[in-house]
Amino acid sequence: MSVRRSTVIFAWFLLLPAVLYVTVIVAYPLVDTFILSFTDASLKKTTKWVGTANYDKIFNATFAEVIIRTFVWTAFSVAIKMIIGTFGAVMLNAAVPGRALFRVLTMPPWIVPMAIGIFMWGWMYNGQFGMISGLLQNLGLVSGPVAFLAHGSTAFWATIITDVWIGVPLVTLYMLASMQAIPQDLYEAAWTDGAGRFYRFRRITLPLLVPSMITMSMLSLIATFNSFDIIWILTQGGPNGDTTTMIIDTYRTAIGSKKYGEGAARAVLICIFLSIFCITYFRVTHRLASGESR
C-alpha cells in the first residue's frame with residue numbers, strides 16, 4: 001500500500017465520526033421529514049401518499065400572513081440586536097474606568113436559563129402586577145393597567161423585546177472580540193494624522209467590522225427565525241395568532257393537531273428558507289474574501 005493511499009484511508013477514518021453524525025443526526029431526519037411531507041401521516045394506523053396536497057394546503061392567505069409575520073419579527077429582532085450589541089461593544093471597548101465590570105454585567109441575560117428569563121419578562125408584562133404597567137401608571141403615561149400580552153400589537157413587540165434582551169449579550173461579546181482584533185497601529189497612525197474619534201470609528205472600525213457583522217447577523221437570523229421558546233412561553237402564538245410565526249405554526253400543526261404530514265411540509269418550507277439564508281451568507285462572505293485578496 002502506497003503512502004498516499006494510506007494517508008487517504010487514515011483521513012477518511014478521522015472523518016468517519018463526523019460523517020456518521022451528519023448522516024444519522026442531520027441527513028436522515030431531513031430526508032425522512034421530506035418524505036413524510038408527501039403523506040397524510042397522523043395518529044391513524046394507515047398512512048397514504050398524498051403527493052403535494054400538504055403543500056397545497058399551506059399556500060393560502062392565512063399562512064402567507066404567518067410567513068410575512070415571521071420575516072418581520074426576525075428582521076426587527078436581528079436589527080435591534082445588532083445595533084444595540086455593536087453600540088455596547090463600542091462602549092465596552094472604550095478606555096473607561098470599570099469597563100471590566102461592565103463586561104461582566106452584560107452576561108446575565110445570556111447566563112440565566114432561557115425559560116426563567118422568559119417567565120420573568122412574562123411577569124413584567126402582566127397588566128395587574130407587572131412592573132412595566134405599574135411604572136407607566138406611576139409616570140402618568142397610561143390611565144390604567146396595560147396587559148401587554150393580551151393585545152396583538154403590544155404582544156408582538158413584547159416578544160421582540162424579550163428576544164433582544166436574550167440575544168444582545170452574545171452579539172456584544174462577539175463584536176467586542178472583533179474590535180479588539182483590529183490592529184492598534186491603524187488607530188495610532190490615524191491619531192497621529194489628527195483624526196478624531198468619530199472619524200477613526202467611521203473609517204477604520206466600521207469597515208473592518210463588516211465581515212464580523214455579516215457573520216453575526218446571519219447566525220442571529222437563523223437562531224431568531226427558529227425561535228420557539230420565547231413566543232410559546234409568553235403568548236403561545238396569540239392573541240388571535242398575532243404572534244404566530246412559522247415555527248409556532250409548525251408545532252401546532254404537527255404536535256398540537258397531530259397532523260404530522262402537514263407539519264412536515266411546513267418544516268420543509270422552513271428548511272428551504274434557512275438554506276436560502278445560508279447560501280446568501282456564503283456567497284456574500286466569498287465575495288468579501290475575494291475582494292480582500294485582490
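In this predicted model, the buried residues of helix α6 are G117, I118, W121, G122, M124 and Y125. These residues lie on the same side of α6, because the arc they cover around the axis is only 165°. The face turned away from that buried side carries the exposed residues I116 and W123. The helix itself runs over residues 114–125, and its 12 residues reach 17 Å from the first C-alpha to the last, close to the expected 16 Å. Packing partners for the buried residues of α6 are found in α7 (131–138), α8 (152–180) and α11 (229–234).

Since W121 belongs to helix α6 and W165 to helix α8, the pair ties together parts that are 44 residues apart in sequence. W121 is buried, at a relative accessible area of 11%, whereas W165 is partly exposed, at 24%.

An edge-to-face arrangement is also seen for F225 and F277, with ring centres 5.5 Å apart and planes at 80°. Here F225 sits in helix α10 (residues 197–225) and F277 in helix α13 (residues 260–293), so this pair links parts that are 52 residues apart in sequence. F225 counts as buried at 3% relative accessibility, and F277 is buried with a relative accessible area of 14%. Elsewhere, F34, F38, W49 and Y55 come together in one aromatic cluster.

Conventions. Residues are numbered from 1 along each chain as its sequence is written. This is a predicted model: local features need pLDDT of at least 70, side-chain atom pairs count only at pLDDT 80 or more; totals for chains, interfaces and linings use all residues. Side-chain values use heavy atoms; hydrogens and water are left out. Helices (H or I, at least four residues) and strands (E, at least two) are DSSP runs, numbered from the N terminus. The expected span of a helix is 1.5 Å times one less than its number of residues. Buried means under 20% relative accessible area, exposed over 50%, partly exposed in between (1.4 Å probe, protein chains only). The arc is that of the directions from the helix axis to the C-beta atoms. Contact means heavy atoms within 4.5 Å. Rings of Phe, Tyr and Trp (its six-membered ring) pair if their centres lie within 6.5 Å; planes under 30 degrees apart count as stacked, over 60 as edge-to-face and the rest as tilted.
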